[in-house]
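Below are my notes on the model, as numbered points.

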Amino acid sequence: MKEASISRASMDAMIAQAEREFPFECCGFVIGGSSGDAATEEVRPITNIQNRKHAEDPGAFPRDARTAFLMEPREHLAVMNEVDRRKLELRVVYHSHPDHDAYFSATDRAQACSFDPSEPDYPDTIYIVISVRAGKFVNAAAFAWDAEKKEFGEISLGCR
Ligand SMILES: [Zn+2]
């Protein structure tokens with residue numbers, strides 16, 4: 001099993017956001033220097049606009065933010081631009097599952113492969129899902145793309 005490792009500070013920031021945004025899904029990125037050093041990690045929370053889209057057009061967006069997330073596009077782009085400008089790595093894409101387990105759903109897979117169903121948008125990035133029940137953190141799981149199986153698989157997640 002491959003192993004993902006992130007800093008305790010990043011994990012704590014993601015957990016705090018997931019609890020704060022309960023009962024809705026939260027989302028965001030962890031970026032960092034290409035050395036892979038935990039000390040260079042920075043968490044970039046992104047606004048989940050799923051509730052807004054659902055209210056505007058429930059036909060096109062049948063789920064609300066309790067079971068889905070959609071990143072605010074300008075905030076998303078700003079992080080991508082920051083990664084380019086500062087020559088950083090996109091280490092983690094994360095979101096929470098309010099009152100559900102920390103698994104990688106078919107919807108999560110489809111969203112991670114938004115351009116091409118046989119390849120994730122960010123093939124080298126770890127995907128973290130955080131389970132929150134009744135507003136309290138339960139656990140987190142990490143998933144990585146397996147290029148041979150062409151599928152996401154769970155990997156171990158450690159804090160350093
Ligand atoms: Zn999900």
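1. Among contacts (heavy atoms within 4.5 Å) between residues at least 6 apart in sequence, 65% join residues at least 24 apart.

2. This is a predicted model, in which local features need pLDDT of at least 70 and side-chain atom pairs count only at pLDDT 80 or more, while totals for chains, interfaces and linings use all residues. Residues are numbered from 1 along each chain as its sequence is written, and side-chain values use heavy atoms, with hydrogens and water left out.

3. The protein chain has four helices and seven strands, in the order β-α-β-β-α-α-β-α-β-β-β from the N terminus. Helices (H or I, at least four residues) and strands (E, at least two) are DSSP runs, numbered from the N terminus. The radius of gyration is 15 Å, close to the 15 Å of the globule rule for 160 residues, so the chain is as compact as a globular protein of that length. That radius is taken over C-alpha atoms, and the rule is 2.2 Å times the number of residues to the power 0.38. Along the principal axes, the C-alpha atoms fill a box of roughly 45 × 35 × 35 Å.

4. Of the 160 residues, 44% are buried. Buried means under 20% relative accessible area, exposed over 50%, and partly exposed in between (1.4 Å probe, protein chains only). The chain exposes about 8400 Å², of which carbon and sulfur atoms supply 53%. Areas come from the Shrake-Rupley method with a 1.4 Å probe; for residues, only the protein chains shown count as cover.

5. There are 19 positive and 27 negative side chains, and the centres of the two sets lie 3 Å apart. Lys and Arg count as positive and Asp and Glu as negative, with His and the chain ends not counted. Each charge is placed at NZ of Lys, CZ of Arg, CG of Asp or CD of Glu.

6. The whole structure holds 12 salt bridges, a salt bridge being a side-chain nitrogen of Lys or Arg within 4 Å of a carboxyl oxygen of Asp or Glu. One of them joins glutamate 42 to arginine 44, at 2.4 Å from N to O. Glutamate 42 is partly exposed at 24% relative accessible area.

7. Aspartate 101 and arginine 133 form another salt bridge, at 2.9 Å from N to O. Aspartate 101 lies in the loop between strand S4 (89-98) and helix H4 (106-112) and arginine 133 in strand S5 (residues 126-133), so the pair ties together parts 32 residues apart in sequence. Both partners are partly exposed, aspartate 101 at 48% and arginine 133 at 36%.

8. Arginine 91 is buried at 11% relative accessible area, whereas glutamate 89 is partly exposed at 35%.

9. Glutamate 72, in the loop between helix H2 (50-56) and helix H3 (73-85), is buried at 8% relative accessibility. Leaving aside residues up to four places away in sequence, glutamate 72 touches Ile46, Thr47 and Ile49.

10. Aspartate 108, in helix H4, is buried at 7%. With residues up to four places away in sequence not counted, aspartate 108 touches Phe69, His95, His97 and Tyr103.
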